[in-house]
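Keep the viewer open as you read.

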Amino acid sequence: MSAQPHRQRDAASALLELYDEALPVVYGYFVRRCGDRGTAEDLTSETFLAGMDAVRRNDPPPIAMPWLMGVARHKLADHYRGRRDPVPVADPPEPVDPPDDWDAELDRLVAESVLERLSDSHRAVLVLRYMDDCSVGECAALLGRTVHATEALLVRAKKAFRKEYPEGGTA
């Protein structure tokens, strides 16, 4: 008997076990980046459907939260690649205590406002690189660009960000 059906069953079981923990994380990832609950729900569903497709392969990937979040990043990139609306800026988690550093909060608000004024491609690469902490290679793959083109885009995006950022700012 082949080991393939066994690996597929193990991968399917791993995805099922991960589901309860991963669902709020994946949904939260999308809702903070889309700002639209309907779109976040659709992308969450697409992510888990892609996960099910992956576990049905002859050689399924190792099923774990980092892998699933990678699938989610790809689904988000595919979503933005297919539309012309601005890429939303991720909302930071609500602080448990009131912010101690009002200046940092103001800088965050100003930075979000600046990001909203940038072009879609500049905003997307900056959000992926600095908010989602993707490597340049990951950004390139998600945006459908070469690494060299993504590095050049990052340089232009940072320059555009600095140009829009108010004088005296720290960003």
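Trp 67 lies in helix H3. Helices here are DSSP runs of H or I with at least four residues, strands are runs of E with at least two, and both are numbered from the N terminus. Leaving aside neighbours within four places in sequence, Trp 67 is in contact with Gly 51, Ala 54, Pro 61 and Pro 62. Contact means heavy atoms within 4.5 Å. Trp 67 and Gly 51 are 16 residues apart in sequence, and their C-alpha atoms are 9.3 Å apart in space.

A word on the source: this is a predicted model, where local features need pLDDT of at least 70, side-chain atom pairs count only at pLDDT 80 or more, and totals for chains, interfaces and linings use all residues. Residues are numbered from 1 along each chain as its sequence is written, and side-chain values use heavy atoms, with hydrogens and water left out.

Now the whole chain. It has seven helices and zero strands. From the N terminus on, the elements run α-α-α-α-α-α-α. Of the 171 residues, 36% count as buried. Buried means under 20% relative accessible area, exposed means over 50%, and partly exposed lies in between (1.4 Å probe, protein chains only). Take the contacts between residues at least 6 apart in sequence: 65% of them join residues at least 24 apart. The chain exposes about 10,500 Å², and carbon and sulfur atoms supply 54% of that area. Accessible areas come from the Shrake-Rupley method with a 1.4 Å probe; for residues, only the protein chains shown count as cover.

Next, look at helix H2, residues 37–55, where Met 52 lies. Met 52 is partly exposed, with a relative accessible area of 31%. Met 52 and Leu 16 are 36 residues apart in sequence and 9.4 Å apart in space, C-alpha to C-alpha.

Move on to H6, residues 136–143. Val 136, Cys 139, Ala 140 and Leu 142 are buried there. They cover an arc of only 170° around the axis, which puts them on the same side of H6. The arc is that of the directions from the helix axis to the C-beta atoms. What covers these buried residues? The cover includes helix H3 (65–81), helix H5 (120–131) and helix H7 (147–164).

Take H3 against H6. They pack at an angle of about 50°, with their axes 8 Å apart. That makes H3 oblique to H6. Axes are lines fitted to C-alpha atoms, for helices over the stretch in contact, and angles run from 0 to 180 degrees between N-to-C directions. Under 35 degrees counts as roughly parallel, over 145 as roughly antiparallel, 65 to 115 as roughly perpendicular and the rest as oblique. Arg 73, His 74, Ala 77 and Arg 81 of H3 make the contact with Ala 141, Leu 142 and Leu 143 of H6.

H7 is another partner. The axes of H6 and H7 come within 9 Å and cross at roughly 100°. That makes H6 roughly perpendicular to H7. From H6, Val 136, Gly 137, Cys 139, Ala 140 and Leu 143 meet Val 147, Thr 150, Glu 151, Leu 153 and Leu 154 in H7.

Finish at the two ends of H6. Asp 133 is found in the loop between H5 and H6. Its phi is near 60°, a positive value in a residue other than glycine. Most residues other than glycine have a negative phi. Asp 133 is exposed, with a relative accessible area of 62%. Just after H6, Gly 144 takes a positive phi of about 70°.
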